[in-house]
Amino acid sequence: MKIRVILFLFLTSFVTFAEAGNWSQTAEPTRIDIERGNGVMIYGAFGNAGECSTSNKVFIEKSHPQYDKVYAMVLAAFASNKKLRIYIHSCKPVTWYAVKETTFNTLTSAGAINIIK
């Protein structure tokens, strides 16, 4: 019995929790900032899909594996007055805009972005 308890405790220590995400509200980007070479901040009525401390802004880190494609998509939406919908998995600080305790909705490689008419 003691071995089963130890085995149970050992195996449950490897359990990982799935990180749930949510879609932002569909909105036109109203402003785009390039943040000191670290990424892009997109402004618009996106809401707060990640339940971060800041809403209506989405940050895309330059380390995103498809950064150039995502940035091109965002610029195309901005230039043509199209709407974006972004799947958010993470809240992260962007210290250029606020203190490190302030978090922003962040598009990660596990997320997605759609351009909509």
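Hello everyone, let's start with one residue. Setting aside neighbours within four places in sequence, E35 is in contact with F59, V94, W96 and Y97. Please keep in mind that we are looking at a predicted model.

Where does E35 sit? It belongs to strand β2. And is E35 buried or exposed? Its relative accessible area is 2%, and buried means under 20%, so E35 counts as buried.

Now let's zoom out to the whole protein. It has 2 helices and 8 strands. Reading from the N terminus, the elements go α-β-β-β-β-α-β-β-β-β. There are 117 residues, and 33% of them count as buried. The accessible surface is about 7500 Å², with 57% of it belonging to carbon and sulfur atoms. If you look at contacts between residues at least 6 apart in sequence, 60% of them join residues at least 24 apart.

Back to β2 and its surroundings. In general, the strands of a sheet pair through backbone hydrogen bonds, either parallel or antiparallel. Here we have an open sheet of 5 strands with mixed pairing, in the order β2-β3-β4-β7-β6. Which strands stand at the edges? They are β2, residues 31-35, and β6, residues 90-92; each has a single partner strand, so one side of each is left without a neighbour in the sheet. Ignoring direction, neighbouring strands of this sheet are turned by 35° against each other on average.

The partner of β2 is β3, residues 39-43: the two run antiparallel and are joined by 5 bridges. You can find D33 opposite M41 in β3. Helix α2, residues 67-79, packs on this sheet and touches β2, β3, β4 and β7. The direction of α2 makes about 150° with that of β2.

Let's finish with some rings. A pair of aromatic rings is described by the distance of the centres and the angle of the planes. How many aromatic pairs does a search of the whole structure find? The search finds 3. One of the pairs is W23 with Y87, edge-to-face, at 5.0 Å centre to centre and with 70° between the planes. This pair links distant parts of the chain: W23 is in strand β1 and Y87 in strand β5, 64 residues apart.

W23 counts as partly exposed, at 37% relative accessibility. The charged end of R85 also sits over the ring of W23, 4.0 Å from its centre. Elsewhere, R31 lies over the face of Y43, at 4.3 Å from the ring centre.

Terms used
Residues are numbered from 1 along each chain as its sequence is written. This is a predicted model: local features need pLDDT of at least 70, side-chain atom pairs count only at pLDDT 80 or more; totals for chains, interfaces and linings use all residues. Side-chain values use heavy atoms; hydrogens and water are left out. Two strands pair if DSSP finds at least two bridges between them. Helices (H or I, at least four residues) and strands (E, at least two) are DSSP runs, numbered from the N terminus. Axes are lines fitted to C-alpha atoms, for helices over the stretch in contact, and angles run from 0 to 180 degrees between N-to-C directions. Contact means heavy atoms within 4.5 Å. Buried means under 20% relative accessible area, exposed over 50%, partly exposed in between (1.4 Å probe, protein chains only). Accessible areas come from the Shrake-Rupley method with a 1.4 Å probe; for residues, only the protein chains shown count as cover. Rings of Phe, Tyr and Trp (its six-membered ring) pair if their centres lie within 6.5 Å; planes under 30 degrees apart count as stacked, over 60 as edge-to-face and the rest as tilted. A charge sits over a ring if NZ of Lys or CZ of Arg is within 6 Å of the ring centre and within 35 degrees of the ring normal.
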